[in-house]
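Subject: Structure for your review

Dear colleague,

My notes on it follow directly after.

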Amino acid sequence: MKKKSNDSIDMHRYVYKLFTGRMQAQALLTGLELRVFDHLSFPQPGEVIAATLRSHPSNTAVLLDSLTSVGLLEKKNGRYCNTQRADELLNSESPSYIGKILLLMHRMSADVVSDMTRLIKDGPFVDHSGFGNEEIWVDYARTVGNYHKGGMMQGIAGIVSGIEGFSSFDNMLDLGGGPGLYCIGIVSESESMKGVVFDRPGVLRVAEEFIAEYGLRDRISVKSGDYLTDSIGEGYDLIWASSTLNFARSDLDRLMMKIHDALVPGGVFVSLAEGLTDEGTKPDFYVLENLSYALTGFNQVFHKGEIAGAIHRAGFASVDSMTVETPMMPMEMDIARKKT
């Protein structure tokens with residue numbers, strides 16, 4: 001009986017913890033919106049923070065105590081201060097700042113979350129025409145670019161530059177490359193390779209800003225279009241695609257053939273994407289983040305091995321798959337080589 005009682009208590013606590021997660025997330029989002037973390041690199045009394053933010057003193061203290069309770073702040077003698085990790089990730093002055101992408105993810109899902117019960121009962125009713133809104137993708141590209149600069153770019157470039165034959169590659173394509181940071185990182189690992197970032201015209205304005213920032217205008221160019229219907233070019237030694245093939249999931253085989261044909265003999269295609277496991281229930285981060293899109297009828301998530309299967313069907317000579325740990329979740333990297 002004692003074990004059963006303990007199990008019951010543990011389950012109760014687990015469920016309550018899931019339930020309070022909504023308040024933890026809201027406290028974090030509110031802290032980011034108010035830029036609380038920007039003012040707490042050094043210990044400060046709560047009333048000073050309230051005065052700085054021009055916010056209600058006692059309610060500000062409640063928020064600060066809540067952020068302390070979840071380990072984002074420290075409190076000693078009435079003074080609050082960012083933890084080291086919070087200062088790195090949530091202070092907008094930090095090069096590793098991820099607050100903007102968290103706020104963007106929240107804005108993109110907020111309407112669906114508030115209508116979740118209705119969606120479950122009645123089915124999708126959300127208009128997907130917003131996917132064609134250029135400015136949404138421009139804002140997303142700029143936000144994701146800052147996330148990539150926080151370490152993802154360097155980590156991915158290190159993996160790709162280790163591919164056999166990399167030092168001999170002359171040209172690469174970053175397919176659906178968004179801000180182009182992965183292309184920038186990969187090209188920077190080579191002494192002479194040139195790159196092309198392929199995406200929507202508005203998004204490429206953001207890529208051009210980053211290309212200029214890194215001083216690579218002479219080695220990286222941009223090409224606008226829709227990779228589902230337009231030519232993506234040819235003669236590439238390397239084609240890179242990160243978190244973009246979802247838009248082609250219903251016609252993946254045709255796109256994979258296009259990628260195959262755009263490579264030179266012996267060329268390499270590298271894909272980085274989610275790979276759901278456990279019958280589509282893991283990793284939990286991506287299952288839950290995809291929830292808002294799936295409920296509106298845009299459920300284009302990949303299961304583990306799905307992209308590798310399309311690669312095989314397209315006639316590539318080989319494909320090696322590996323799991324790559326990222327700050328958000330583990331992702332699947334497939335490295336395919338075309339026959340020589």
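A residue is called exposed when its relative accessible area is over 50%, and buried when that area is under 20%. Asn77, with a relative accessible area of 74%, is therefore exposed. Please bear in mind throughout that this is a predicted model.

Backbone features

Asn77 lies in the loop that runs between β2 (73-76) and β3 (79-82). Its phi is near 55 degrees, a positive value in a residue other than glycine. Asp278 is a further case, with a positive phi near 50 degrees; this residue is placed in the loop between β8 and α11. The loop between β8 (263-273) and α11 (284-294) also holds Pro283, and the peptide bond that joins Lys282 to Pro283 is cis, with omega at about -5 degrees. For context, most residues other than glycine have a negative phi, and most peptide bonds are trans.

The chain as a whole

The chain contains 12 helices and 10 strands. Its C-alpha atoms fill a box of roughly 65 × 55 × 40 Å along the principal axes. Of the 340 residues, 42% are buried. Where contacts join residues at least 6 apart in sequence, 68% of them link residues at least 24 apart. The chain exposes about 18,000 Å², of which carbon and sulfur atoms supply 53%. There are 33 positive and 44 negative charges, and the mean positions of the two sets are 5 Å apart.

An enclosed helix

Helix α8 (residues 181-188) is largely enclosed by the rest of the structure, because 7 of its 8 residues are buried. These buried residues are Leu181, Tyr182, Cys183, Ile184, Gly185, Ile186 and Val187. They pack against both helices and strands, namely α7 (134-160), α9 (201-213), β4 (171-175), β5 (194-199), β6 (220-224) and β7 (236-242).

A nonpolar surface patch

Met11, Tyr14, Val15 and Leu18 form a nonpolar patch on the surface, and together they have about 430 Å² of accessible area. Met11 is found in helix α1 (residues 2-33). In an α-helix there are 3.6 residues a turn, so residues three or four places apart point the same way. Met11 itself has a relative accessibility of 48% and therefore counts as partly exposed.

With kind regards

Notes
Residues numbered from 1 in each chain as written. Predicted model: local features only at pLDDT ≥ 70, side-chain atom pairs only at ≥ 80, totals over all residues. Heavy atoms only, no water. Helix = DSSP H or I, 4+ residues; strand = E, 2+ residues; numbered from the N terminus. Buried < 20%, exposed > 50% of the residue type's maximum accessible area, 1.4 Å probe, protein only. Contact = heavy atoms within 4.5 Å. Areas by Shrake-Rupley, 256 points an atom, 1.4 Å probe, with all protein chains shown as cover. Lys, Arg positive; Asp, Glu negative; His and termini not counted. Charge placed at Lys NZ, Arg CZ, Asp CG, Glu CD. Patch = residues over 30% accessible without salt bridge, like charges linked within 9 Å, V, L, I, M, F, W, Y side chains within 5 Å. Salt bridge = Lys/Arg side-chain N within 4 Å of Asp/Glu carboxyl O.
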